[in-house]
Amino acid sequence: MQPRTLYWILLFGGLALLCGCDRLPGKPKEENRWKPPTENKNFAELFDSNCRACHSNGQTIGASIAMNNPPYLAVVPKEVMHKAIEEGIPGTAMPAYLVKQGGMLTDEQVNILVDGIYNWAKGHQAPAGDLPPYSAGLGDAERGESTFAQDCASCHGSDGEGVKGKAGSVVDNAYLSLVSDQYPRTVVIAGRPELGMPGFRDYVPGKPMAPEEISDVVAWLASRRQGPAPGQNAKTADATTGTQPSTSKQ
């Protein structure tokens with residue numbers, strides 16, 4: 001066999017061997033290769049890159065309610081969580097994440113997020129027997145003012161403007177303009193343990209808040225908002241004003 005022929009046989013044979021063994025010089029390992037974001041199936045990475053800036057995972061403090069809060073996960077229906085991630089919450093800082101809604105997550109990734117969040121509650125489930133409903137209409141704002149004074153004023157002040165060293169204002173319009181009526185309801189029910197805020201069972205020792213009292217407090221907070229609630233235009237707000245307490249400014 002000619003030396004030149006032998007050279008080419010050995011060269012191509014060596015290249016074929018390298019390619020077959022997936023060991024070409026500089027070729028990254030499978031786990032290090034770039035993948036499009038839509039192929040990420042890791043819950044922790046999906047949560048960190050999409051949710052943790054606003055929602056705590058138990059290791060940080062976020063601007064909004066923590067997602068590893070067992071009472072919260074006990075009261076919020078799974079389909080509501082799913083819809084919120086898919087479509088966002090109009091008028092608030094919660095955007096839509098589903099690709100079909102203009103976001104960057106696939107249906108499968110949304111499912112991974114929802115399942116992973118609810119898995120945090122496994123082994124730490126909150127008692128479900130006496131939980132108030134996740135969502136309800138606004139109650140009576142005048143009664144809500146009295147309930148707020150009884151259950152919330154020790155930390156937020158009788159006027160809701162906060163107590164130094166305890167908790168901030170919940171009637172500041174900058175805050176109220178960013179949250180729907182559902183958000184304070186959710187926080188009143190579930191609390192924010194990462195901030196030292198208890199849930200509805202523990203504001204007054206031995207006296208959990210009744211569902212009606214929660215609706216009344218939310219109505220009082222809503223009555224302090226200047227303008228329509230997030231996601232609600234002025235026309236809709238005017239149309240619903242008649243169904244709300246006379247003290248409501250919605």
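Angles between axes under 35 degrees count as roughly parallel, over 145 as roughly antiparallel, 65 to 115 as roughly perpendicular, and the rest as oblique. The model is predicted: local features need pLDDT of at least 70, side-chain atom pairs count only at pLDDT 80 or more, and totals for chains, interfaces and linings use all residues. Residues are numbered from 1 along each chain as its sequence is written, and side-chain values use heavy atoms, with hydrogens and water left out.

**Exercise 1. Work out how α4 and α5 are arranged and which residues meet between them.**

Step 1: find the helices. Helices are DSSP runs (H or I, at least four residues) numbered from the N terminus; α4 covers residues 78–87 and α5 residues 107–119.

Step 2: take the angle. Axes are lines fitted to C-alpha atoms, for helices over the stretch in contact, and angles run from 0 to 180 degrees between N-to-C directions. The two axes come within 10 Å and cross at roughly 135°, so α4 and α5 are oblique to each other.

Step 3: list the contacts (heavy atoms within 4.5 Å). From α4, Lys78, Met81, His82, Ile85 and Glu86 take part; their partners in α5 include Asp107, Val110, Leu113 and Tyr118. By class, this contact has seven nonpolar, two polar and four charged residues, where Ala, Val, Leu, Ile, Met, Phe, Trp, Tyr, Cys and Pro count as nonpolar, Asp, Glu, Lys and Arg as charged, and the others, Gly among them, as polar.

Step 4: look inward. Buried means under 20% relative accessible area, exposed over 50%, and partly exposed in between (1.4 Å probe, protein chains only). In α4, Met81, Ala84, Ile85 and Glu86 are buried, and these buried residues pack against α3 (70–75) and α5.

**Exercise 2. Trace the ring cluster of Phe43, Phe47 and Trp120.**

Step 1: recall the rule. Rings of Phe, Tyr and Trp (its six-membered ring) pair if their centres lie within 6.5 Å; planes under 30 degrees apart count as stacked, over 60 as edge-to-face and the rest as tilted. By this rule there are four aromatic pairs.

Step 2: start in α2. Phe43 and Phe47 have ring centres 6.0 Å apart and planes at 45°, so the pair is tilted. They sit four residues apart in helix α2 (residues 43–50), about one helical turn.

Step 3: move on to Trp120. Phe47 and Trp120 are edge-to-face, 5.0 Å centre to centre with 85° between the planes. Trp120 lies in the loop between α5 and α6 (141–151), 73 residues from Phe47.

Step 4: compare accessibility. Phe47 is buried, at 2%, whereas Trp120, at 26%, counts as partly exposed.

Technical notes. Helix = DSSP H or I, 4+ residues; strand = E, 2+ residues; numbered from the N terminus.
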